[in-house]
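Trainee: I have a structure to go through and I'm new to this. Can we look at it together?
Mentor: Fine, here it is.

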Amino acid sequence: MGQQRPERAAVMSDVAQLAGVSHQTVSRVLNNHPSVRPETRERVLRAVHQLNYRPNALARGLAGRRSRVIGVVSFDTILFGPAATLLGIERAARAAGYGISIVTLERLDRSGMRSAIDALTEQSVAGVVVITPMMTASVAVHGLPTGVPAVVVEASGERGELPSISVDQVAGARLAVRHLLDLGHETVWHIAGPRDWLEARDRVDGWRQTLEQAGRRVPPVIVGDWSPRAGYELGQSLVERPDVTAVFCANDHQALGLLRALHQRGARIPEDVSVVGFDDIPEAEYLSPPLTTVRQDFDEVGRRCVAALLELFDGSGGDAPRPQVEPVLVVRASSGNRRP
C-alpha cells in the first residue's frame with residue numbers, strides 16, 4: 001500500500017467559502033478591522049478554527065507596516081493591451097503617491113502566480129494588482145493564500161473572490177459591428193484573437209450577438225494570434241471572397257496586416273472593404289487609410305485599480321460588483337458605406 005499523501009493545508013479562500021463571505025472579509029477579520037459585524041466575525045473565526053487555518057505570518061505583519069509600493073503581476077508580453085494596462089496602473093499609482101514593483105511571468109499559471117505573489121510579499125508591498133488576460137491566469141489568481149490586498153484586471157469582468165476591474169469587451173465589439181451594419185454592410189467577418197484569451201472570447205461574443213440580433217448571417221470565426229502577420233495571412237483568403245465587404249479585427253495589429261493584404265490585391269478601402277480594429281494603438285490614425293477602431297481607456301483602468309486597492313487598505317472596499325470601463329468607437333477613414 002502506498003504512502004498516504006498529507007492533507008492540503010487550508011488557505012484563506014477555504015475559510016471564506018465555509019463562512020460564506022468574501023476573501024476580503026476574512027482578511028479584515030484576521031486583521032481585527034472594526035468594520036466587520038460581530039456575527040460575521042464570529043462566523044469567520046469559527047471557520048478558521050474548524051479548518052485549523054494558519055494565516056501567512058509575513059502577510060499579516062505587513063498590515064501594520066504598509067509600504068508605499070504597489071506590486072503588479074503581469075504577463076511577459078509586448079502586446080499593446082497588457083502593456084498599456086501596466087502603464088495606466090503605474091500612472092495612477094504615482095498620482096496616488098505610490099511606486100510600483102513589477103513581476104512579469106512567461107506563463108500565467110497557478111505555480112507562477114503563487115511565486116510572483118510571494119516575491120512581492122517579501123518586498124513588503126502594500127497591495128497587488130494582477131493583470132489576467134488569459135483564461136488560465138484568471139483561474140490561477142483566485143484562492144491564493146495571502147492576506148495582502150489584491151485586485152485583478154480581467155477582460156471578462158466575471159465575479160470572483162477578488163475585486164475585478166475590466167473594460168467591457170462585449171460592448172466594444174458591438175460598437176464595431178453595429179457601426180459597419182449601419183453603413184449598409186450585409187454582414188461582418190471577424191478576425192479573432194487566440195481562443196485562450198478572455199478579451200478575444202468576449203469580442204467574439206459581442207460580434208456574434210450583434211449579428212444574430214440584427215438577423216444577419218454569422219460567418220465562421222477566423223482565429224489569429226494578435227500579430228500583423230496573422231492579419232496579413234488571413235486577409236489573403238478573405239480578399240478573394242466577393243461577399244466580404246466588412247471585417248472587424250480583434251485588435252489593431254491584425255487590422256494593420258489585413259490592410260496590407262487588401263492593398264496588395266488592389267482592393268480599395270473602404271470602397272471595396274471596410275475595416276475596423278480594436279485598441280486604438282498610437283499608430284492607428286497614421287495608417288493608410290487611418291483606422292476606425294475601438295478605444296480602450298487604459299488610464300481609467302489604472303485609476304480604478306488603484307482606487308480599489310486604496311479602499312481595501314482602509315477597509316471600505318465593498319463586495320458589490322464594479323461597473324466596467326466603457327469603450328469608445330473612433331471613426332476614421334477605413335470604414336465607409338457599402339457600395340454595389
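Trainee: What does the secondary structure of the protein chain come to?
Mentor: There are 12 helices and 11 strands in the protein chain. Helices (H or I, at least four residues) and strands (E, at least two) are DSSP runs, numbered from the N terminus. This is a predicted model, where local features need pLDDT of at least 70 and side-chain atom pairs count only at pLDDT 80 or more, while totals for chains, interfaces and linings use all residues. Residues are numbered from 1 along each chain as its sequence is written, and side-chain values use heavy atoms, with hydrogens and water left out.

Trainee: How much of the protein chain do buried residues make up?
Mentor: Of the 340 residues, 54% are buried, meaning under 20% relative accessible area with a 1.4 Å probe, protein chains only.

Trainee: Where does V275 lie, and is V275 buried or exposed?
Mentor: V275 is part of strand β9, residues 274-276. V275 counts as buried because its relative accessibility is 0%.

Trainee: Which residues is V275 in contact with, leaving aside neighbours within four places in sequence?
Mentor: Among them are V247, C249, A255, L258, L291 and S334. Contact means heavy atoms within 4.5 Å.

Trainee: Switching to helices: how do the axes of α1 and α3 cross?
Mentor: Helix α1 (residues 12-19) and helix α3 (residues 38-51) have axes that come within 9 Å and cross at roughly 125°. Axes are lines fitted to C-alpha atoms, for helices over the stretch in contact, and angles run from 0 to 180 degrees between N-to-C directions. So α1 is oblique to α3; angles under 35 degrees count as roughly parallel, over 145 as roughly antiparallel, 65 to 115 as roughly perpendicular and the rest as oblique.

Trainee: Which residues meet there?
Mentor: D14, V15, L18 and A19 in α1 meet residues of α3 including R43, V44 and A47. The residues of this contact of α1 with α3 divide into seven nonpolar, one polar and two charged. Ala, Val, Leu, Ile, Met, Phe, Trp, Tyr, Cys and Pro count as nonpolar, Asp, Glu, Lys and Arg as charged, and the others, Gly among them, as polar.

Trainee: And what about α8 and α9, how do their axes cross?
Mentor: The axes of α8 (residues 169-182) and α9 (residues 198-213) cross at roughly 40° and come within 7 Å. That makes α8 oblique to α9. The residues of the contact of α8 with α9 divide into six nonpolar, five polar and six charged.

Key
Buried means under 20% relative accessible area, exposed over 50%, partly exposed in between (1.4 Å probe, protein chains only).
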